[in-house]
Amino acid sequence: MRLPRWQRPGCGSGLVMPSNINFIIFAVKQAKEAEAFGFTRNEACRNLKIALHQYWQNKQLRQHGQAHRDKIPMSKAAKTAPKDQIQVEHAVPQQPIVNMLMDMEPLSEEGVGDVLTRLFRVRRVTKDEHARLEAKGLRSKMPERWNGRDPWARYDAAGIKCPRD
């Protein structure tokens, strides 16, 4: 059986290290327990957001906001903008992804991998493009009629042109 691409074997020790997905699943389970205990979803999901950044964006996509900044694809406008006018942005904000993971039943490697592979996209955009997202009320959410599948719906609504992969 062929392993999904997010699963990686250990470092020659004979032990299989947890995959990036496993770290994220661990964080989802912790967040669900915290929410059931009485924490708000926002409070409960702080470690999950850190896990998404560390184990998916940094380690899986290799797109750390600072260390790998030059590897992060740019919007059309960002390609000609001064560096101080460019910022790193998620095509789908973290909160909708966090909500999908928190509501996923059953929680599985395949399900988590599918959500992250489809929706977790990082781009460099101009500050003006980011301001357009804010002006449309899309700073941290997707458009009202979002189908839950198209990671580019927010950028389309704000007229942001960027590479799609």
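Trp152 is buried, because its relative accessible area is 6%, where buried means under 20% relative accessible area, exposed over 50% and partly exposed in between, with a 1.4 Å probe and protein chains only. The model is predicted, so local features need pLDDT of at least 70 and side-chain atom pairs count only at pLDDT 80 or more, while totals for chains, interfaces and linings use all residues. Residues are numbered from 1 along each chain as its sequence is written, and side-chain values use heavy atoms, with hydrogens and water left out.

**Aromatic pairs**
- Rings of Phe, Tyr and Trp (its six-membered ring) pair if their centres lie within 6.5 Å, and planes under 30 degrees apart count as stacked, over 60 as edge-to-face and the rest as tilted; by this rule there are three aromatic pairs.
- In the pair of Trp152 and Tyr155, the ring centres are 6.1 Å apart and the planes stand at 45 degrees, so the pair is tilted.
- Tyr155 also counts as buried, because its relative accessibility is 0%.

**The largest pocket**
- The largest pocket has a volume of about 310 Å³, a volume being the space filled by probe spheres set on grid points that are joined across faces, edges and corners.
- A pocket, on a 1 Å grid over the protein atoms alone, is an open set of points where a 1.4 Å probe fits, with protein on both sides within 12 Å along at least five of seven lines, and lining residues have an atom within 4 Å of a point.
- Among the residues that line the largest pocket are Lys49, Glu89, His90, Arg139 and Arg154.
- Strand 1 (86-90) and helix 4 (94-103) are the elements that give two or more residues to this lining, and strand 1 gives the largest share, three residues; helices (H or I, at least four residues) and strands (E, at least two) are DSSP runs, numbered from the N terminus.

- Helix 3 (residues 46-58) has 13 residues and reaches 17 Å from its first C-alpha to its last, close to the 18 Å expected at 1.5 Å a residue, the expected span being 1.5 Å times one less than the number of residues.
- The buried residues of helix 3 include Leu48, Leu52 and Trp56.
- Leu61 is found in the loop between helix 3 and strand 1, and Leu61 counts as partly exposed because its relative accessibility is 29%.
- Leu61 touches Trp56 and Phe120, not counting residues up to four places away in sequence, where contact means heavy atoms within 4.5 Å.
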